[in-house]
Amino acid sequence: MTSVESSIDQFVVLASISKGSKAVASTVLDALNHPSTYVFGELLDLPSVQELEASDKPVLELLKIFAYGTYTDYKANESSLPPLTPQQVHKLKQLTLVSLSAENQTLPYDVLQGALDVKNVRELEDLVIDAIYGDTRA
């Protein structure tokens with residue numbers, strides 16, 4: 001089992017046994033903030049997480065964005081979603097970069113800067129390097 005699998009597994013177990021929607025929502029937000037968790041489909045499939053539709057829909061919608069959406073999707077719906085931590089912003093931008101890379105053979109800097117809401121090339125290059133190699137410079 002890889003560390004990525006074990007990191008999501010801990011949140012799946014926690015969300016499965018959590019009592020009450022507040023505990024489940026808190027587990028989801030913890031998973032989104034965890035530095036080694038980048039795959040969220042298994043968490044999203046849990047009945048206890050799906051029940052957030054009735055009790056804490058913004059958290060469920062945020063999880064859907066991390067699972068299948070992009071940073072642009074978050075920005076378009078920001079007013080109806082929980083605020084992101086700096087770690088979540090960075091992670092969502094990395095996931096967006098991966099999504100864009102899967103859809104396009106070439107990605108011009110201006111397209112990336114717009115989709116990732118980065119102001120300069122250096123910030124963009126740092127994000128790309130972090131996504132490829134991991135943030136080992138910290």
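Which residues in α9 meet which residues in α10?

Reply: This is a predicted model, in which local features need pLDDT of at least 70, side-chain atom pairs count only at pLDDT 80 or more, and totals for chains, interfaces and linings use all residues. Residues are numbered from 1 along each chain as its sequence is written, and side-chain values use heavy atoms, with hydrogens and water left out.

On the α9 side, Tyr109, Leu112, Gln113 and Leu116 meet Val121, Leu124, Glu125 and Leu127 of α10 (contact means heavy atoms within 4.5 Å). The residues of this contact comprise six nonpolar, one polar and one charged, where Ala, Val, Leu, Ile, Met, Phe, Trp, Tyr, Cys and Pro count as nonpolar, Asp, Glu, Lys and Arg as charged, and the others, Gly among them, as polar.

Helices here are DSSP runs (H or I, at least four residues), numbered from the N terminus. α9 covers residues 109–116 and α10 residues 121–133; they pack at about 80°, with axes 10 Å apart. Axes are lines fitted to C-alpha atoms over the stretch in contact, and angles run from 0 to 180 degrees between N-to-C directions. The two helices are therefore roughly perpendicular (65 to 115 degrees).

Within α10, the buried residues are Leu124, Asp126, Leu127 and Asp130 (buried: under 20% relative accessible area, exposed: over 50%, 1.4 Å probe, protein chains only). Seen down the axis of α10, these fall within an arc of 160°, so they line one face of the helix; the arc is that of the directions from the helix axis to the C-beta atoms. The buried residues of α10 pack against α8 (86–103) and α9. The face turned away from the buried side carries the exposed residues Arg122, Ile132 and Tyr133.

Terms used:
Angles under 35 degrees count as roughly parallel, over 145 as roughly antiparallel, 65 to 115 as roughly perpendicular and the rest as oblique.
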